[in-house]
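Subject: Structure handover

Dear colleague,

I am passing on the structure we discussed. Please look it over before reading the notes under it.

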Amino acid sequence: MNADAVVLDIDGVLVDVADSYRRAIVESIDAVYGRTIRAADIQEFKDAGGFNNDWELTDAAALYILAVEEGYSESLEAFTDEIAAAGGGVGAAETVVREAIGARATQRVTDRWNRERLRDVFQQLYLGDDLYRGLEGGEPDLERETPGFIHDEPVVLERAVRDRLLADYDVGVLTGRPEAEAEIALDRVGLDDAVPVEHRFTMDDWEEGKPHPRALTTLAERFGADSVVFVGDTLDDVRTAGNAAEADPDREYRGIGVLTGGLTGEEGRRKYEREGAAAVLESVNDLPEWLES
């Protein structure tokens, strides 16, 4: 495919986050409520859409746990299907719960639904004590000490592939990570100095989040690109490229899914293809060959 610019997601594309962000989702809920979801359930929320922000995914999963205690009887799969039907995201999750269990039970749920505490515990587990103090400016208060799940993120992007992409294309980054956490990952894969700040979009740079197209179309404009490839590990990443194509018809946008995140194997491939992915690759390391084929 003829492409001028390549835009890369971080999580599940450049680094493996199964034992970091996804582990933090599961363990944060357990730490706050004594019950949690399975790691495999996280993908159900991702597929529902609107959960590019893992704090909000944690909130929605905790909401499900609390709603079940108040009489919500549907399976987690049915819950996330209803979230998708309601438009995706944590707001849709609230709507699903309210319509299912009624106003009084929902009020009891929301009285216990401490989103601020969930986020704080998440950051303590993910960052570890030292980084938490530095980035969050607080003192950890969990009984357990942790060096931080952030240190358990194997690099996926091979050095030779990184150098090849940088030599042949304009390279940008579009991620749901906060800026400081994105910089840590980009430094680990050797892209922090290679991709300037103006060629990145993090959580701190836009309010809408994926699959809203603004970040991707803005990067395309900054590159002066006619054709852009966006590589991600979720259906919302592919949807972002599709939405960008509709919002900016003078340019060509293609969404590519990789099988190194939550979507794996033949089932993951089928989900990407149903969403209209231009290609499904085993990993980002297959990207140069695909682009040049």
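This is a predicted model: local features need pLDDT of at least 70, side-chain atom pairs count only at pLDDT 80 or more; totals for chains, interfaces and linings use all residues.

Cavity. Searching the whole structure turns up 1 cavity of 30 Å³ or more. The largest cavity holds about 240 Å³ of space. It is lined by 23 residues, and D11, K46, N52, N53 and D54 are the closest to its centre. Two or more lining residues come from each of α1 (21–33), α3 (54–69) and α10 (235–247). The lining has 11 charged, 7 nonpolar and 5 polar residues. Domain 1 (5–16 + 153–292) and domain 2 (18–150) each contribute at least three residues to it.

Largest pocket. This one has about 290 Å³ of space. Among its 18 lining residues, R22, Q43, G262, L263 and T264 are the closest to the centre. At least two lining residues come from each of α2 (42–48) and α11 (265–274). By class, 7 are polar, 6 charged and 5 nonpolar. Here too, domain 1 and domain 2 each give at least three residues.

Second largest pocket. Its space is about 180 Å³. The lining includes N52 and N53, along with M203, W206 and K210. It has 5 polar, 4 charged and 3 nonpolar residues. Both domain 1 and domain 2 give residues to this lining, so the pocket lies between them.

Helix pair. α3 packs against α5 (residues 90–112) at about 50 degrees, with the axes 9 Å apart, which makes α3 oblique to α5. The crossing of α3 past α5 is left-handed.

Regards

Technical notes:
Residues are numbered from 1 along each chain as its sequence is written. Side-chain values use heavy atoms; hydrogens and water are left out. On a 1 Å grid over the protein atoms alone, a cavity is a set of points where a 1.4 Å probe fits but cannot get out, and a pocket is an open set with protein on both sides within 12 Å along at least five of seven lines; lining residues have an atom within 4 Å of a point. Grid points are joined across faces, edges and corners, and a volume is the space filled by probe spheres set on the points. Helices (H or I, at least four residues) and strands (E, at least two) are DSSP runs, numbered from the N terminus. Ala, Val, Leu, Ile, Met, Phe, Trp, Tyr, Cys and Pro count as nonpolar, Asp, Glu, Lys and Arg as charged, and the others, Gly among them, as polar. Domain bounds come from an automatic or database domain assignment. Axes are lines fitted to C-alpha atoms, for helices over the stretch in contact, and angles run from 0 to 180 degrees between N-to-C directions. Angles under 35 degrees count as roughly parallel, over 145 as roughly antiparallel, 65 to 115 as roughly perpendicular and the rest as oblique. A crossing is left-handed if the near helix is turned anticlockwise from the far one by less than a right angle, and right-handed if clockwise.
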